[in-house]
Amino acid sequence: MTQRSWRWDWLPDQGSGSELFEYESSPTGHVLRGRVVANLGGAGIEAAYVVEADAAWRTRRVRVEIANPKRLLEITANGIGRWSDAGGTWIPALDGCIDVDISLTPATNTLPIRRLNPPVGEGTEIKVAYILAPDLTLRAGPQRYTRLGDRLWRFNGLDIDFTADISVDEAGFVVEYPGLFRRAI
């Protein structure tokens, strides 16, 4: 089993705050955990999340909890694009989404980076289950990841006209997400 942890600081474009992050991997899968304390648009937020992925980096379970006011979102995926809520009800709007993207953290960028792994210079369009915090709204979001170098990726949010060149470490975790997040050293 591999375990790692660090802190991400929020940069001014995102708000102010930080996240304590933990990662565990085993032969059967990967677990991403984070605790976020931040100021987002003048409002304080405390949040925690857990994302479980299988050995191929396909998201299988997501739990996001906001402390005040208390809100909880739990969803599960079958790994091939079908999602359900905590009660087991199918969420047709997320059909075809393999990955999750939680707005409060750069951790979820690692999921498609590790799962896709195209050669340098190539990119792939995907659809993600996008969770916007703190209200925990859920929608499908089209994105494109292009590998620019061994540790550099271009992210395009295709429905929000957003592009960023994200630097990652040797394991595909974000080191710097310009304007939004930077790993503390």
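Me: Which residue is the bridge partner of Leu152 in strand 12?
Reply: Ser167 is the bridge partner of Leu152 there. A strand is a DSSP run of E with at least two residues (a helix is a run of H or I with at least four), and the numbering starts from the N terminus. Keep in mind that this is a predicted model, where local features need pLDDT of at least 70, side-chain atom pairs count only at pLDDT 80 or more, and totals for chains, interfaces and linings use all residues. Residues are numbered from 1 along each chain as its sequence is written, and side-chain values use heavy atoms, with hydrogens and water left out.

Me: OK, and how many bridges are there between strand 11 and strand 12?
Reply: Six bridges, with strand 11 (residues 152-157) and strand 12 (residues 162-168) paired in the antiparallel sense. Two strands pair if DSSP finds at least two bridges between them.

Me: What sits between those strands, strand 11 and strand 12?
Reply: Four residues lie between them in the hairpin, where Asp161 takes a positive phi near 55 degrees.

Me: Which residue in strand 13 is the bridge partner of Ser167?
Reply: That is Glu176. Strand 12 and strand 13 (residues 174-177) run antiparallel and are joined by two bridges. Their hairpin has five residues between the strands, and Gly172 takes a positive phi near 90 degrees in it.

Me: Switching topic: how many aromatic pairs are there?
Reply: The structure holds 13. Rings of Phe, Tyr and Trp (its six-membered ring) pair if their centres lie within 6.5 Å; planes under 30 degrees apart are stacked, over 60 edge-to-face, and the rest tilted. One of the pairs is Tyr23 with Trp57, stacked at 6.0 Å centre to centre with 10 degrees between the planes.

Me: Where in the chain are Tyr23 and Trp57?
Reply: Tyr23 is in strand 2 (residues 16-26), while Trp57 is in the loop between strand 4 (43-54) and strand 5 (59-66), 34 residues apart.

Me: Is Tyr23 buried or exposed?
Reply: Tyr23 is buried, with a relative accessible area of 6%, and Trp57 is buried as well, at 4%. Buried means under 20%, exposed over 50%, and partly exposed in between (1.4 Å probe, protein chains only).

Me: Why is the pair of Phe155 and Tyr177 tilted?
Reply: Because the planes of Phe155 and Tyr177 are at 55 degrees, with the ring centres 6.4 Å apart. This pair links strand 11 and strand 13, with its residues 22 apart. Phe155 and Tyr177 are both buried.

Me: Which residues do ring pairs link into a cluster?
Reply: Trp6, Trp8, Phe21, Tyr23, Trp57 and Phe173.
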